[in-house]
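Here is a short note on the pockets of this model. Please read it with the structure open.

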Amino acid sequence: MNLKKHIAHHVRDIPRSGIRDFFEIVQTMKNVISLGIGEPDFNTPWHIREAAIYSLEKGRTGYTSNLGLPRLREGIGEYVFQQFGIRYEPQTEVLVTVGVSEAIDLALRALVNPGDEVLYHEPCYVSYSPSITLARGVPVSVPTFARDNFRLTAAELEKKITLASKVLMMNFPCNPTGATQTREELEKIAALCVRHDLVVLTDEIYSELTYDGARHISIVSLPGMRERTIFLHGFSKAFAMTGFRIGYACAPAILTEAMMKIHQYGILCAATTAQDAAIEAIEHGSPDVENMRREYELRRNYVVNSFNEMGLDCFKPFGSFYVFPNITRTGLTSQELSVRLLKEKSVAVVPGTAFGASGEGHVRACYATSLEQIKVAMARIAEFVKECQAARAAA
């Protein structure tokens with residue numbers, strides 16, 4: 001039986017994640033220092049884990065409302081107001097999801113008809129283009145450049161807008177580049193969205209992790225944007241809760257209702273234990289977030305300085321926990337460098353092409369690992385770069 005012909009075409013033709021393929025190789029090796037997977041190395045703070053334990057001990061193992069626990073939605077509404085200055089009605093405009101990944105899927109499926117174009121900036125998180133395809137939309141990438149510190153510019157965005165454009169997806173601070181947006185550029189982008197009647201999906205999962213005193217600005221806070229924006233956020237990165245799988249979407253009630261219809265039939269609700277832990281995080285976890293943010297900032301400084309000292313240009317990102325150095329001086333492609341660095345020096349980074357074709361010439365290095373391990377990894381990378389340069393000079 002030829003099972004391949006029975007697989008839906010739009011699923012069959014989606015490539016596997018470039019990150020996951022690469023890290024299947026990593027799993028076969030020993031003593032590798034990984035600067036690859038974008039996951040905090042910190043344990044979830046104890047008081048948050050304790051809330052999850054207490055939830056189980058109390059037997060809170062049943063379903064919740066499709067929208068999520070009321071207390072959690074109220075906490076999210078207050079948190080979003082305090083952090084971003086936007087009010088959402090907890091009863092009708094907040095939906096708790098299984099991670100931000102589910103929220104992205106729900107938003108796209110709620111909005112996109114076959115043939116609708118969805119704009120997104122690139123390099124970008126690996127799931128955006130496949131998620132658009134799975135929702136039967138048409139992915140349209142908008143390039144970002146090192147010369148702009150990988151910010152999305154209104155000028156580049158406008159080049160890609162057509163009559164079929166319906167949605168703009170944004171992720172700032174950005175995975176994989178660490179880029180952030182200025183208010184000035186966001187205002188220009190917002191004006192384009194209003195002029196062309198675009199709905200914005202803004203994934204701000206790294207918004208707490210900004211550096212050098214920079215204050216994160218959300219596009220949803222700009223005039224005229226709340227009514228056309230789905231704000232996506234969660235607990236995985238800032239609160240070190242990746243395995244709890246709790247995210248949320250905030251949007252006008254009509255959009256939240258549309259997303260909830262899909263959520264209630266496909267998922268029903270996020271796990272009750274995880275929601276109880278998220279309540280503790282959002283009510284009492286801010287000091288933990290700040291402690292982790294300060295440590296990330298120290299690591300970022302070390303990694304950026306190290307790459308620049310070894311001759312690989314690396315801009316200093318203002319957010320997330322990634323750097324995106326330019327590796328063209330080695331004479332290798334992103335894939336070649338990543339594979340050779342892994343095999344020859346036991347250091348794992350991610351090829352820039354995993355985040356789209358415009359990522360060629362770069363690799364993503366994640367500094368969500370201990371500073372001690374980072375120092376060893378950067379020394380190995382510097383040694384590798386010297387060997388590459390010596391080989392080129394001798395050729």
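1. A term comes first. Helices here are DSSP runs of H or I with at least four residues, numbered from the N terminus. The model is a predicted one.

2. Start with the second largest pocket. Helix 11 gives the largest share of its lining, four residues. Helix 11 spans 286-309, and helix 4 (70-84) also gives two or more residues to this lining.

3. How big is the second largest pocket? Its volume is about 260 Å³. The lining counts 13 residues, and those closest to the centre of this pocket are Gln 83, Ser 207, Glu 208, Thr 210 and Arg 215.

4. By class, the lining of the second largest pocket splits into five polar, four nonpolar and four charged residues.

5. Now the largest pocket. It holds about 970 Å³ of space. Which elements give two or more residues to its lining? They are helix 2 (18-26), helix 5 (99-111), strand 3 (117-122) and helix 6 (128-134). Helix 6 supplies the largest share, six residues.

6. The lining of the largest pocket runs to 45 residues. Nearest the centre of the largest pocket lie Ser 17, Ile 19, Tyr 125, Val 126 and Ser 127.

7. What is the class make-up of the lining of the largest pocket? There are 19 nonpolar residues, 17 polar and nine charged.

8. To check on screen, find helix 6 for the largest pocket, where it gives six lining residues. Then find helix 11 for the second largest pocket, where it gives four.

Terms used. Residues numbered from 1 in each chain as written. Predicted model: local features only at pLDDT ≥ 70, side-chain atom pairs only at ≥ 80, totals over all residues. Heavy atoms only, no water. 1 Å grid on protein atoms, 1.4 Å probe; cavity = no way out; pocket = protein on both sides within 12 Å on 5 of 7 lines; lining within 4 Å. Points joined across faces, edges and corners; volume = space filled by probe spheres on them. Nonpolar A, V, L, I, M, F, W, Y, C, P; charged D, E, K, R; others polar.
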